[in-house]
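Let's take a walk through this one together. Have a look at the sequence and the model first, and then we'll go through a few spots.

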Amino acid sequence: MQLINESDNGPVCPICLSPNYKILYKITINMGIEHLGINPESEQGAKLKSIIRKLWEGDVSDFVQCMSCSFVYADPFIAG
């Protein structure tokens, strides 16, 4: 686990607004699509990749824990 304090560039806790966090794990777009039971190489998978890449603004999402309130959230923190 990586302890990080990036008040200018990193995620901010959506609960307490603290910039202090640690990365618990990362997932890729393909891992997320496979979790849904969809083949990332299928036509449906390709469409999902495009949508997720746009939402995440990249190919990886971090799951982080706030060091102040212990809330665990995804970065980017996207509701949809």
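This is a predicted model: local features need pLDDT of at least 70, side-chain atom pairs count only at pLDDT 80 or more; totals for chains, interfaces and linings use all residues.

Residues are numbered from 1 along each chain as its sequence is written, and side-chain values use heavy atoms, with hydrogens and water left out.

Now for how covered up some residues are. Buried means under 20% relative accessible area, exposed means over 50%, and partly exposed is in between (1.4 Å probe, protein chains only).

| Residue | Relative accessibility | Class |
|---|---|---|
| Cys16 | 35% | partly exposed |
| Ser18 | 7% | buried |
| Asp62 | 13% | buried |
| Cys66 | 1% | buried |

Ser18 sits in the loop between β1 (2-5) and β2 (20-28); strands (E, at least two residues) and helices (H or I, at least four) are DSSP runs, numbered from the N terminus. Its side chain makes a 3.0 Å polar contact with the side chain of Ser68, and also reaches the backbone nitrogen of Asn20 at 3.1 Å. A polar contact is a pair of N or O atoms within 3.5 Å; within protein, one must be able to donate a hydrogen and the other to accept it, and residues adjacent in sequence count only if both atoms are side-chain atoms. Leaving aside neighbours within four places in sequence, the residues in contact with Ser18 (heavy atoms within 4.5 Å) include Cys66 and Pro11.

Over in strand β3 you'll find Asp62. Its side chain is joined to that of Lys26 by a polar contact of 2.9 Å. Setting aside neighbours within four places in sequence, Asp62 is in contact with several residues, among them Tyr25 and Tyr73.
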